[in-house]
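Student: I would like to learn how to read a sheet and a disulfide from a set of coordinates. Could we take one model and go through such features in turn?

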Amino acid sequence: QVQFVESGGGLVQPGGSLSLSCAPSGSTFRVYVMGWYRQAPGQQRELIASITGGGSTNYADSVKGRFTISRDNGKNTVYLQMNSLKPEDTALYYCNKVPTGLWGQGTLVTVSE
């Protein structure tokens with residue numbers, strides 16, 4: 001089964017931006033609907049953005065207008081551009097298929113002064 005490797009997390013101040021990347025290990029995801037998920041401390045993991053192979057996107061209301069999901073099938077990579085970050089965006093961020101397969105390690109995003 002394909003597994004994904006996320007990168008790009010870090011510490012950022014409120015109002016700042018971060019860009020996350022994700023690539024599958026040992027496979028191509030060209031045929032998959034891909035999603036970015038996040039899990040905040042003490043909360044369930046949630047799907048926040050998804051993108052089809054053709055580039056159609058959907059967003060959770062909590063991130064709509066601030067986050068942008070994109071993919072480069074040639075580079076086998078999916079991205080999440082996060083702008084206007086808020087403290088409540090602090091979470092472990094994961095990418096995965098929709099519906100999900102194996103989970104990777106995630107990348108931690110911390111939004112704090």
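Predicted model: local features only at pLDDT ≥ 70, side-chain atom pairs only at ≥ 80, totals over all residues.

Student: Which residue forms a disulfide with Cys-22, and how far apart are their sulfur atoms?

Tutor: In general, a disulfide is a covalent bond between the sulfur atoms of two cysteines. Here the partner of Cys-22 is Cys-95, with 1.6 Å between the two sulfur atoms, and a search of the whole structure finds one disulfide. Cys-22 belongs to strand β3 and Cys-95 to strand β9 (residues 91-97), so the bond ties together parts that are 73 residues apart in sequence. Cys-95 is buried as well, at a relative accessible area of 0%.

Student: What is the handedness of the disulfide of Cys-22 and Cys-95?

Tutor: The torsion about the S-S bond is about 45°, and the disulfide of Cys-22 and Cys-95 is therefore right-handed.

Student: In what order do the strands of the open sheet lie?

Tutor: The general idea is that strands of a sheet pair through backbone hydrogen bonds, either parallel or antiparallel. In this case four strands form an open sheet in the order β1-β3-β8-β7, and the pairing is antiparallel. The edges are β1 (3-7) and β7 (67-72), each of which pairs on one side only, while neighbouring strands of the sheet are turned against each other by 20° on average, direction ignored.

Student: Where does a positive phi occur in the hairpin of β7 and β8?

Tutor: That hairpin has four residues between its strands, and Asn-76 is the one that takes a positive phi, near 60°.

Student: Is Thr-77 buried or exposed, and what lies 2.9 Å from a polar atom of its side chain?

Tutor: Thr-77 is in strand β8 (residues 77-82) and has a relative accessibility of 12%, so Thr-77 counts as buried. A polar atom of the Thr-77 side chain lies 2.9 Å from the backbone oxygen of Lys-75.

Technical notes:
Residues numbered from 1 in each chain as written. Heavy atoms only, no water. Helix = DSSP H or I, 4+ residues; strand = E, 2+ residues; numbered from the N terminus. Buried < 20%, exposed > 50% of the residue type's maximum accessible area, 1.4 Å probe, protein only. Polar contact = N/O pair within 3.5 Å; in protein donor to acceptor, adjacent residues only side chain to side chain. Pairing = 2+ DSSP bridges. Axes fitted to C-alpha atoms, helices over the stretch in contact; angles between N-to-C directions. Disulfide = S-S within 2.5 Å.
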